[in-house]
Amino acid sequence: MFEGTIFEFTRINLVQVIMTVAVAAFFIVAFRNPQVVPRGVQNLGEIAIDFVDKQIIQSIMGASGRKYLPYLATLFFFILALNMAGVVPGLNIAGTSIVAIPMLLAVVAWVTFNVAGIRKHGFLTYMKSNLFPPGVPAPIYILLTPIEFLSTFILRPITLTIRLLANMMAGHLMLVLFFSGATYLFLDADTVLKPLGIGAAAMGFAITAFEILVGFLQAYIFTLLTALYIAGAESEHH
């Protein structure tokens, strides 16, 4: 779309924009005129925010984690909306199934938990607590410090990116495989093979239902790990 201009973007960019506008519109409508006793869309919005607050923040970070509610709630519902695009008729592809979005979100999470740790402890103390855990014999640091550096500062954003990307890409490929197979079997295959199209279509619908679960779980796991990294960075016993 808009090929050859500075506004050129692909179909998946359009899907990302649509789902971002949709989730933003939901929360604007839900909280544009909040009432003491919530009803209708406000009730759904409060249930959604309470889920992130109680199931992620309170369980991992405690009351001190409430200051991260805007960030973590936005992160969860943004990922969830982009994941669900893969099963929305007409969109049919998850906005997180290309590397740019998972990588961007992982970098933001990496910056957030490191800034939180540095603000809490100071740069030198934060780096020392990460690279030189207390209670370890000094010679062990020769092996342990590079491992801790690799694990904390290099692998965390990479694993966040790959986990989300791989799951959503795999789901999209499986949906394409089974629904394309069903279409071919119904329309172009020999008569004797057409009944197999029923099985391929059934598998496609089963995987669609499974993708809804995977999309929710991947949004939850990404947000949960981000909260866990922030809590670990701010911990006095880090």
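View 1. Arg66 is partly exposed, at 43% relative accessibility (buried means under 20% relative accessible area, exposed over 50%, partly exposed in between, using a 1.4 Å probe and protein chains only). Asp53, by contrast, is buried at 8%. Their side chains meet in a salt bridge, 3.4 Å from N to O (that is, a side-chain nitrogen of Lys or Arg within 4 Å of a carboxyl oxygen of Asp or Glu). The pair links distant parts of the chain, 13 residues apart: Asp53 is in helix α2, and Arg66 is in the loop between α2 (40-60) and α3 (69-84). Helices here are DSSP runs of H or I with at least four residues, numbered from the N terminus.

This is a predicted model, so local features need pLDDT of at least 70 and side-chain atom pairs pLDDT 80 or more, while totals for chains, interfaces and linings use all residues. Residues are numbered from 1 along each chain as its sequence is written, and side-chain values use heavy atoms, leaving out hydrogens and water.

**View 2. Lys67 reaches Glu234.** Here's another salt bridge, with the closest N and O atoms 3.9 Å apart. Lys67 sits in the loop between α2 and α3 and Glu234 in helix α7 (residues 196-234), so the pair ties together parts 167 residues apart in sequence. Lys67 is exposed at 57%, but Glu234 is buried at 16%.

**View 3. A look along α2.** Helix α2 has a kink of about 30°, centred on Asp53 (the bend is the angle between axes fitted to the seven residues ending there and the seven starting there). Its buried residues include Gly45, Val52 and Ile56. The buried residues of α2 pack against α1 (11-31), α3 and α7, where contact means heavy atoms within 4.5 Å.

Definitions and conventions:
Helices (H or I, at least four residues) and strands (E, at least two) are DSSP runs, numbered from the N terminus.
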